[in-house]
Structure formats: C-alpha cells, structure tokens
Amino acid sequence: MGRTARSSGAEPRRVWRRPARAEQVSDLRRQVGEFVTASGLLSPSRVDDLKLALSEALTNALVHGYRGGGEGELVVSVSAEDRVEMTIEDAGVGMTPHPDSPGLRMGLALIAMLGDSLDVRPLHPSGTAIRVVSDPSG
Amino acid sequence: MLQLNVTDEGSGSFRVGLLGELDYVTAPLLEEQIAALEPRRPRAVVVDLGSLTFLDSSGLRALLAAQRAAGKGGYDLVVQDPLPQARRVFSLTGAKKFLNIQGDETDPGPAAERAAT
C-alpha cells in the first residue's frame, strides 16, 4: 500500500485542456495549486514550487511552441496519489531558442530545480511534454 | 492579474506597489510603468513587492529591466519586501546579486533586529 494523504472521496488525477492563450496561465496555476494542496502531499512552499514550474512550462509552450500565434491547446495532467506528477503538453513547434524570447531563457533550468525529477520529450507529430515529479514533503 | 499603485512621495521618490501576480501576461505592465516615470526624472523608485503573491522568470525579467533602466537613468531602484515565493525565485536564479532587495528575511535590517531584542 502506498502512502496516501488525500482524504477519501477526493479524485487522485485531473486533466485540464485549455486553448493555448496567455490568459489561461494564471487560472491554471490557481486550479492546479488548489488540487495539489487538497492532496495534502506537499507543503505550501512545495506547492508554490510546483505552480512556478507550471508557469515556466506553460510560458515555454506559449513563447516557443506556439510563437506566431498558432492555434493549439495546452494540456495539464496532475496525479496526486503516492507523489505528485504533473505533465504539461503542447502541440507546438518545440522549444527552439529564438532571440526575442520575453523570458530569461532559464525556464527549463528553473523547472529542474523545482521538482524531484524532470523529463522533457518531443511529441509526434509535433509538440513537447514536460513532466515534473514531486515526492511527498517530509 | 496585477494592480500597480504609484505614489509620488516627493523629492523625486516614487513607490510602485505591485498587487497580484507578475508573470508573462503582466510583466509588460511593470515595464510600461517604469518607462512612464522616466520623464518625471525620478531620484529613487521603490518597487514594493509586499503584496505580490506570484513571480516567475518573465516577471523577474521585468524587475531586472527596471534595474537596468534605473542604472541608465541614474537613479536608485529598490525591490522592497518580497514575499517568500518571490524570495525563492531570487535565490534560485541568482538574481539577488543584481537587485537591491530590502526587507529580505536573510537581511532583516535594523527594524527587525530591534523588534527581536
């Protein structure tokens, strides 16, 4: 039996599908934060870290994957059972660096510091999936 | 969402209070506000983060741009009272070295030291 801090009856996994638009990012941060907080698996500061990782990943998808304003979707999946696993998927052109990036070009490096593991893989025919895992706090 | 409250404190000092979240969507608002102060020839600008609940690397970029603008404009820029989430971003990214941060818990300052004694 794995450890489970979530109260009985609460759902262990949730998926959000949103149009790839910048105004979605704040709401996704809030909703994912509330979902993970309800799991009881992570301390408040580690929930903050996960929200920051989410923000960086979504911004990467919008800036790199969907630059030029292409139509697309952002898919965020979070499971919170023995640990928290968050996957952010887009169907954009990938994370090729470009000179007019509005960030500090440190999004992925920052995400790597915020979870216990990070996995980035290309999707076919296009897109990127970023998976962040956070083990339970304390 | 981000709300900016600008206060003219006299003698060329301005306070820019940030309420809400500083990210990819809202960062341009801060950059525009700092640019809007330039014609008023500020001597000092305090960017008050005491009510900023979220900061990411896009928001950090705007703060670093404000710091650069202050350097070019010849005035002081202070980043005041960041909450723990923003402090964590400054720490993880090494931005602490490039910003004049006051009210950081690692440097509580004389007022906090007095309160502790």
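I take a residue as buried when its relative accessible area is under 20%, as exposed when it is over 50%, and as partly exposed in between. The model I am reading is a predicted one, and with that cut-off I find that buried residues make up 48% of the 138 residues in chain A.

**Chain A, overall**

I looked up the secondary structure and noted three helices and five strands in chain A, which follow one another along the sequence as β-α-α-β-β-α-β-β. I then turned to the contacts between residues at least 6 apart in sequence, and in chain A 67% of these join residues at least 24 apart. For the accessible surface of chain A I have about 6600 Å², with 50% of that area belonging to carbon and sulfur atoms.

**Aromatic rings**

How many aromatic pairs are there over all chains? The count comes to one. The pair is formed by W16(A) and F35(A), whose ring centres are 5.9 Å apart and whose planes stand at 80°, an edge-to-face arrangement. I checked burial for both partners: W16(A) is buried because its relative accessible area is 5%, and F35(A) counts as buried because its relative accessibility is 4%.

I also noted a contact of another kind, between the chains, in which the charged end of R29(A) sits over the ring of F54(B), 3.9 Å from the ring centre.

**Backbone entries**

In chain A, the peptide bond from H124(A) to P125(A) is cis, with omega near 10°, and P125(A) lies in the loop between β4 and β5 (128-134).

In chain B, R41(B) has a positive phi of about 45° although it is not a glycine; R41(B) lies in the loop between α1 (27-37) and β3 (44-55), and it is exposed because its relative accessible area is 71%. D81(B), likewise not a glycine, has a positive phi of about 55°. I placed D81(B) in the loop between β4 (76-80) and α3 (84-93) of chain B, and at 36% relative accessibility D81(B) counts as partly exposed.

Notes: Residues numbered from 1 in each chain as written. Chains lettered and ligands numbered in written order. Predicted model: local features only at pLDDT ≥ 70, side-chain atom pairs only at ≥ 80, totals over all residues. Heavy atoms only, no water. Helix = DSSP H or I, 4+ residues; strand = E, 2+ residues; numbered from the N terminus. Buried < 20%, exposed > 50% of the residue type's maximum accessible area, 1.4 Å probe, protein only. Contact = heavy atoms within 4.5 Å. Areas by Shrake-Rupley, 256 points an atom, 1.4 Å probe, with all protein chains shown as cover. Phe/Tyr/Trp six-rings, centres within 6.5 Å; stacked < 30°, edge-to-face > 60°. Lys NZ or Arg CZ within 6 Å of the ring centre and 35° of its normal.
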